[in-house]
Amino acid sequence: MATERTLSIIKPDATKRNLTGKVVAKFEEAGLRVVASKRIQLSTAQAGEFYAEHKERPFYAELVSFMVSEPVVVQVLEGEGAIAKNREVMGATDPAQAADGTIRKEFALSKGENSVHGSDSPEAAAREIAFFFSGLELVG
Ligand code: GDP
């Protein structure tokens with residue numbers, strides 16, 4: 001399997017509860033390497049644009065207001081099959097459905113406040129990494 005890069009966001013419910021280190025430990029234990037990382041405060045416009053594909057979904061407004069409610073930590077993770085591996089470590093969207101040992105099972109509060117975002121395809125990973133980082137900031 002090829003080495004890939006994927007975008008991760010540690011969401012406001014996790015940064016607020018000081019869980020950044022515990023979430024990063026899950027990535028590292030799974031063999032993913034953090035090759036870029038920054039803590040930022042998203043604006044409503046930025047969060048709206050990032051989640052534009054969900055614009056028609058009933059939870060869109062709630063999702064955008066949640067994502068700007070506290071700072072987030074955006075990261076690029078690198079590793080063998082990193083896109084799928086990150087999704088595996090994250091667990092299902094709804095923590096009630098997430099497998100044992102996953103980030104969402106251990107830390108998420110609800111289907112909306114679910115601690116992490118991860119790119120779901122190579123196309124999404126490329127778009128989402130470029131949304132937050134310039135090439136100069138990727139120092140794997
Ligand atoms: P993901 O790829 O597992 O993050 O899930 P989706 O792409 O389906 O949804 C994107 C994000 O929207 C999720 O991670 C949640 O934060 C949020 N979301 C999804 N479904 C719901 C919902 O039913 N209610 C609320 N409030 N948020 C939701």
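Modeller: Buried means under 20% relative accessible area. Keep that cut-off in mind as we look at this predicted model.

Biologist: Happy to! Is Phe 50 buried or exposed?

Modeller: Let's compare its value with the cut-off. Phe 50 has a relative accessible area of 3%, and a residue counts as buried under 20%. So Phe 50 is buried.

Biologist: How are the rings of Phe 50 and Tyr 51 arranged?

Modeller: A pair of aromatic rings is described by the distance of the centres and the angle of the planes. Here the centres of Phe 50 and Tyr 51 are 5.1 Å apart, with the planes at 85°. Planes over 60 degrees apart count as edge-to-face. The pair of Phe 50 and Tyr 51 is therefore edge-to-face.

Biologist: Phe 50 also pairs with Phe 131. How many residues apart in sequence are the parts that this pair ties together?

Modeller: Phe 50 and Phe 131 sit 5.5 Å centre to centre, with 65° between the planes. Phe 50 belongs to helix 3 (residues 44-50), while Phe 131 belongs to helix 7 (residues 122-132). The pair therefore links parts whose separation in sequence is 81 residues.

Biologist: Which residue lies over the face of Phe 50?

Modeller: Look above the ring for a charged side chain. At 5.8 Å from the ring centre of Phe 50 you will find Arg 127.

Biologist: Now to Ser 119: which side chain does it join through a polar contact of 2.7 Å?

Modeller: Ser 119 lies in the loop between strand 4 (116-118) and helix 7. Its side chain makes a polar contact of 3.5 Å with the side chain of Thr 6. The contact of 2.7 Å joins Ser 119 to the side chain of Glu 128.

Terms used. Residues are numbered from 1 along each chain as its sequence is written. This is a predicted model: local features need pLDDT of at least 70, side-chain atom pairs count only at pLDDT 80 or more; totals for chains, interfaces and linings use all residues. Side-chain values use heavy atoms; hydrogens and water are left out. Rings of Phe, Tyr and Trp (its six-membered ring) pair if their centres lie within 6.5 Å; planes under 30 degrees apart count as stacked, over 60 as edge-to-face and the rest as tilted. Helices (H or I, at least four residues) and strands (E, at least two) are DSSP runs, numbered from the N terminus. Buried means under 20% relative accessible area, exposed over 50%, partly exposed in between (1.4 Å probe, protein chains only). A charge sits over a ring if NZ of Lys or CZ of Arg is within 6 Å of the ring centre and within 35 degrees of the ring normal. A polar contact is a pair of N or O atoms within 3.5 Å; within protein, one must be able to donate a hydrogen and the other to accept it, and residues adjacent in sequence count only if both atoms are side-chain atoms.
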